[in-house]
Amino acid sequence: MGKVVVYSSVSVDGFVADENDQPGPLFDWLSNGDVPLDESGELKVSQTSYDYTRAYWDQIGATIVGRHVFDMTDGWDGKPPGGIDHVVVVTHRPAPEGWDPEAPFHFVDGVEAAVAKAQELAGDRVVEVAAGDVGGQVLAAGLVDEVRMDVVPVVFGSGKRYFGSVDAQHLLEDPDVVIQGNRVLHLRYRVRR
(Lines give C-alpha, C1' and ligand atoms only; values in the text may rest on other atoms or scores of the structure.)
Protein backbone atom coordinates (compact mmCIF):
# COMPACT_ATOMS: atom_id res chain seq x y z
CA MET A 1 0.00 0.00 0.00
CA GLY A 2 1.04 3.56 -0.63
CA LYS A 3 1.82 5.94 2.17
CA VAL A 4 -0.73 8.24 3.79
CA VAL A 5 0.23 11.93 3.57
CA VAL A 6 -1.43 14.96 5.19
CA TYR A 7 -0.91 17.94 2.90
CA SER A 8 -1.84 21.60 2.43
CA SER A 9 -0.52 25.10 2.05
CA VAL A 10 -0.29 26.71 5.48
CA SER A 11 0.45 30.06 7.10
CA VAL A 12 3.56 30.46 9.22
CA ASP A 13 1.34 30.31 12.32
CA GLY A 14 -0.31 27.05 11.28
CA PHE A 15 -3.60 27.93 9.58
CA VAL A 16 -5.02 26.55 6.30
CA ALA A 17 -7.76 29.19 6.10
CA ASP A 18 -9.04 32.19 8.00
CA GLU A 19 -12.14 32.19 10.25
CA ASN A 20 -14.36 32.51 7.13
CA ASP A 21 -12.76 29.53 5.34
CA GLN A 22 -10.87 31.87 3.01
CA PRO A 23 -7.27 30.89 2.11
CA GLY A 24 -6.12 34.48 1.58
CA PRO A 25 -2.63 34.41 0.05
CA LEU A 26 -1.97 30.72 0.83
CA PHE A 27 -2.32 29.68 -2.81
CA ASP A 28 -0.63 32.72 -4.39
CA TRP A 29 2.51 30.64 -4.97
CA LEU A 30 0.44 28.51 -7.38
CA SER A 31 0.16 31.46 -9.76
CA ASN A 32 3.35 33.49 -9.28
CA GLY A 33 5.64 31.58 -11.62
CA ASP A 34 5.97 30.84 -15.30
CA VAL A 35 5.91 27.02 -15.36
CA PRO A 36 2.43 25.47 -15.88
CA LEU A 37 1.70 22.98 -13.09
CA ASP A 38 -1.22 21.28 -14.84
CA GLU A 39 -3.04 21.12 -18.16
CA SER A 40 -5.41 23.99 -17.25
CA GLY A 41 -2.64 26.56 -17.60
CA GLU A 42 -4.14 28.42 -14.63
CA LEU A 43 -1.57 27.15 -12.15
CA LYS A 44 1.92 28.49 -12.86
CA VAL A 45 4.75 28.10 -10.39
CA SER A 46 8.50 28.50 -10.21
CA GLN A 47 10.60 25.71 -11.71
CA THR A 48 11.69 24.66 -8.21
CA SER A 49 8.08 24.38 -7.01
CA TYR A 50 7.10 22.58 -10.22
CA ASP A 51 9.82 19.93 -9.79
CA TYR A 52 8.75 19.24 -6.21
CA THR A 53 4.97 19.56 -6.53
CA ARG A 54 4.38 17.86 -9.89
CA ALA A 55 6.39 14.80 -8.84
CA TYR A 56 4.26 14.53 -5.68
CA TRP A 57 0.93 15.13 -7.45
CA ASP A 58 1.77 12.39 -9.95
CA GLN A 59 2.01 9.88 -7.07
CA ILE A 60 -1.46 10.57 -5.64
CA GLY A 61 -4.00 7.81 -6.17
CA ALA A 62 -6.76 9.05 -3.87
CA THR A 63 -7.50 12.09 -1.74
CA ILE A 64 -9.47 12.18 1.51
CA VAL A 65 -11.47 15.29 2.37
CA GLY A 66 -14.15 16.15 4.89
CA ARG A 67 -17.73 16.91 3.98
CA HIS A 68 -17.15 20.59 4.74
CA VAL A 69 -14.51 20.87 1.98
CA PHE A 70 -16.68 18.82 -0.36
CA ASP A 71 -19.64 21.14 0.22
CA MET A 72 -17.53 24.32 -0.08
CA THR A 73 -16.23 23.23 -3.50
CA ASP A 74 -19.59 21.82 -4.65
CA GLY A 75 -17.78 18.51 -5.04
CA TRP A 76 -15.67 19.98 -7.83
CA ASP A 77 -18.67 19.30 -10.06
CA GLY A 78 -17.95 15.58 -9.82
CA LYS A 79 -14.41 15.87 -11.25
CA PRO A 80 -11.60 15.30 -8.74
CA PRO A 81 -9.15 18.23 -8.59
CA GLY A 82 -5.64 18.08 -10.00
CA GLY A 83 -6.24 14.95 -12.06
CA ILE A 84 -6.66 12.78 -8.97
CA ASP A 85 -8.41 9.47 -9.68
CA HIS A 86 -10.62 9.23 -6.58
CA VAL A 87 -11.89 11.39 -3.72
CA VAL A 88 -13.04 9.82 -0.46
CA VAL A 89 -15.36 12.07 1.54
CA VAL A 90 -15.59 11.59 5.30
CA THR A 91 -19.21 12.28 6.22
CA HIS A 92 -22.14 11.12 8.30
CA ARG A 93 -24.51 12.12 5.49
CA PRO A 94 -25.19 10.42 2.15
CA ALA A 95 -24.10 11.82 -1.19
CA PRO A 96 -26.06 14.94 -2.17
CA GLU A 97 -29.40 14.36 -3.85
CA GLY A 98 -28.93 14.05 -7.61
CA TRP A 99 -25.21 13.24 -7.25
CA ASP A 100 -23.85 11.29 -10.22
CA PRO A 101 -23.21 7.75 -8.92
CA GLU A 102 -20.55 7.29 -11.63
CA ALA A 103 -18.44 10.20 -10.31
CA PRO A 104 -15.24 8.89 -8.65
CA PHE A 105 -16.29 10.10 -5.19
CA HIS A 106 -16.81 7.72 -2.30
CA PHE A 107 -18.77 8.71 0.84
CA VAL A 108 -17.73 6.96 4.06
CA ASP A 109 -18.41 7.36 7.77
CA GLY A 110 -15.21 7.86 9.81
CA VAL A 111 -11.53 8.37 9.14
CA GLU A 112 -10.49 4.74 9.58
CA ALA A 113 -13.00 3.67 6.91
CA ALA A 114 -11.86 6.56 4.71
CA VAL A 115 -8.20 5.54 4.87
CA ALA A 116 -9.07 1.89 4.20
CA LYS A 117 -11.20 2.84 1.18
CA ALA A 118 -8.60 5.28 -0.14
CA GLN A 119 -5.81 2.70 0.19
CA GLU A 120 -7.94 0.17 -1.65
CA LEU A 121 -8.52 2.67 -4.47
CA ALA A 122 -4.94 4.01 -4.57
CA GLY A 123 -3.12 0.67 -4.46
CA ASP A 124 0.61 1.45 -4.26
CA ARG A 125 0.06 5.15 -4.88
CA VAL A 126 -0.13 7.89 -2.24
CA VAL A 127 -3.27 8.53 -0.21
CA GLU A 128 -3.43 12.27 0.34
CA VAL A 129 -5.40 13.62 3.28
CA ALA A 130 -6.50 17.24 3.25
CA ALA A 131 -5.18 19.12 6.26
CA GLY A 132 -7.68 20.48 8.77
CA ASP A 133 -10.08 18.57 10.98
CA VAL A 134 -9.99 15.35 8.94
CA GLY A 135 -6.20 15.46 8.60
CA GLY A 136 -5.89 15.90 12.36
CA GLN A 137 -8.25 12.99 13.00
CA VAL A 138 -6.25 10.72 10.70
CA LEU A 139 -3.02 11.78 12.48
CA ALA A 140 -4.61 11.16 15.90
CA ALA A 141 -5.69 7.69 14.73
CA GLY A 142 -2.03 6.86 13.99
CA LEU A 143 -2.65 6.41 10.25
CA VAL A 144 -0.37 9.13 8.83
CA ASP A 145 3.07 8.30 7.41
CA GLU A 146 4.12 11.75 6.27
CA VAL A 147 3.24 15.44 6.65
CA ARG A 148 3.82 17.84 3.74
CA MET A 149 3.43 21.57 4.12
CA ASP A 150 3.76 24.44 1.68
CA VAL A 151 4.52 27.21 4.19
CA VAL A 152 3.56 30.66 2.93
CA PRO A 153 5.05 33.78 4.54
CA VAL A 154 1.86 35.15 6.11
CA VAL A 155 0.53 35.21 9.67
CA PHE A 156 -3.25 34.77 10.02
CA GLY A 157 -3.52 35.07 13.80
CA SER A 158 -6.57 32.80 13.85
CA GLY A 159 -8.54 30.53 11.57
CA LYS A 160 -8.73 26.87 10.59
CA ARG A 161 -5.74 24.99 12.01
CA TYR A 162 -3.56 22.69 9.90
CA PHE A 163 -4.28 19.73 12.20
CA GLY A 164 -7.77 20.82 13.25
CA SER A 165 -8.40 20.20 16.91
CA VAL A 166 -5.67 17.63 17.61
CA ASP A 167 -5.10 17.76 21.36
CA ALA A 168 -2.17 15.38 21.81
CA GLN A 169 1.49 15.58 20.93
CA HIS A 170 2.72 13.75 17.83
CA LEU A 171 6.44 13.63 17.07
CA LEU A 172 7.71 14.06 13.53
CA GLU A 173 11.19 13.31 12.24
CA ASP A 174 13.40 16.17 11.15
CA PRO A 175 12.33 17.46 7.74
CA ASP A 176 13.88 15.33 4.99
CA VAL A 177 12.88 17.86 2.32
CA VAL A 178 13.23 21.63 2.60
CA ILE A 179 12.80 23.44 -0.72
CA GLN A 180 12.56 27.19 -1.17
CA GLY A 181 10.12 28.20 -3.90
CA ASN A 182 8.85 31.64 -4.85
CA ARG A 183 6.99 32.91 -1.71
CA VAL A 184 6.65 29.33 -0.40
CA LEU A 185 8.75 26.87 1.58
CA HIS A 186 8.03 23.21 0.78
CA LEU A 187 8.57 20.91 3.78
CA ARG A 188 8.22 17.18 4.22
CA TYR A 189 8.29 15.33 7.55
CA ARG A 190 7.94 11.64 8.28
CA VAL A 191 5.76 10.79 11.27
CA ARG A 192 7.74 9.19 14.07
CA ARG A 193 6.35 5.76 15.01
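Buried means under 20% relative accessible area, exposed means over 50%, and partly exposed is in between (1.4 Å probe, protein chains only). The views below come from a predicted model, in which local features need pLDDT of at least 70 and side-chain atom pairs count only at pLDDT 80 or more, while totals for chains, interfaces and linings use all residues. Residues are numbered from 1 along each chain as its sequence is written, and side-chain values use heavy atoms, with hydrogens and water left out.

View 1. Helices (H or I, at least four residues) and strands (E, at least two) are DSSP runs numbered from the N terminus. Seven of the seven residues of strand β5 (residues 60-66) are buried, so this strand is largely enclosed by the rest of the structure. Two strands pair if DSSP finds at least two bridges between them; β5 runs parallel to strand β8 (residues 126-130), to which four bridges join it, and Val126 in β8 is the bridge partner of Ile60. Five bridges join β5 to strand β6 (residues 86-90), again running parallel, and here Thr63 has Val87 as its bridge partner. Between β5 and β6 the chain passes through helix α2 (residues 67-72) in a right-handed β-α-β crossover (with the strands pointing away from the viewer, the path from the first strand over the helix to the second runs clockwise).

**View 2. Aromatic rings around Phe105.** Rings of Phe, Tyr and Trp (its six-membered ring) pair if their centres lie within 6.5 Å, and planes under 30 degrees apart count as stacked, over 60 as edge-to-face and the rest as tilted. The structure holds eight such aromatic pairs. In one of them the rings of Trp76 and Phe105 have centres 6.4 Å apart and planes at 25°, so this pair is stacked. Trp76 sits in the loop between α2 and β6 and Phe105 in strand β7 (residues 105-108), so that the pair links distant parts of the chain, 29 residues apart. Trp76 is partly exposed at 24% relative accessible area, whereas Phe105 is buried at 6%. Phe105 also pairs edge-to-face with Trp99, at 5.2 Å centre to centre and 85° between the planes. Phe70, Trp76, Trp99, Phe105 and Phe107 form one aromatic cluster.

View 3. Asp77 is found in the loop between α2 and β6, where its phi is near 55°, a positive value in a residue other than glycine. Its relative accessible area of 63% makes Asp77 exposed.

View 4. Asp145 and Arg193 meet in a salt bridge of 2.5 Å, N to O. This pair links distant parts of the chain, with Asp145 in the loop between α4 (133-140) and β9 (146-152) and Arg193 in the segment after β12, 48 residues apart. Asp145 is partly exposed at 28% relative accessibility, and Arg193 is exposed with a relative accessible area of 64%. Arg192 forms a salt bridge with Glu173, their closest N and O atoms being 3.4 Å apart. Arg192 lies in the segment after β12 and Glu173 in the loop between β10 (160-161) and β11, so the pair ties together parts that are 19 residues apart in sequence.

Definitions and conventions
Salt bridge = Lys/Arg side-chain N within 4 Å of Asp/Glu carboxyl O.
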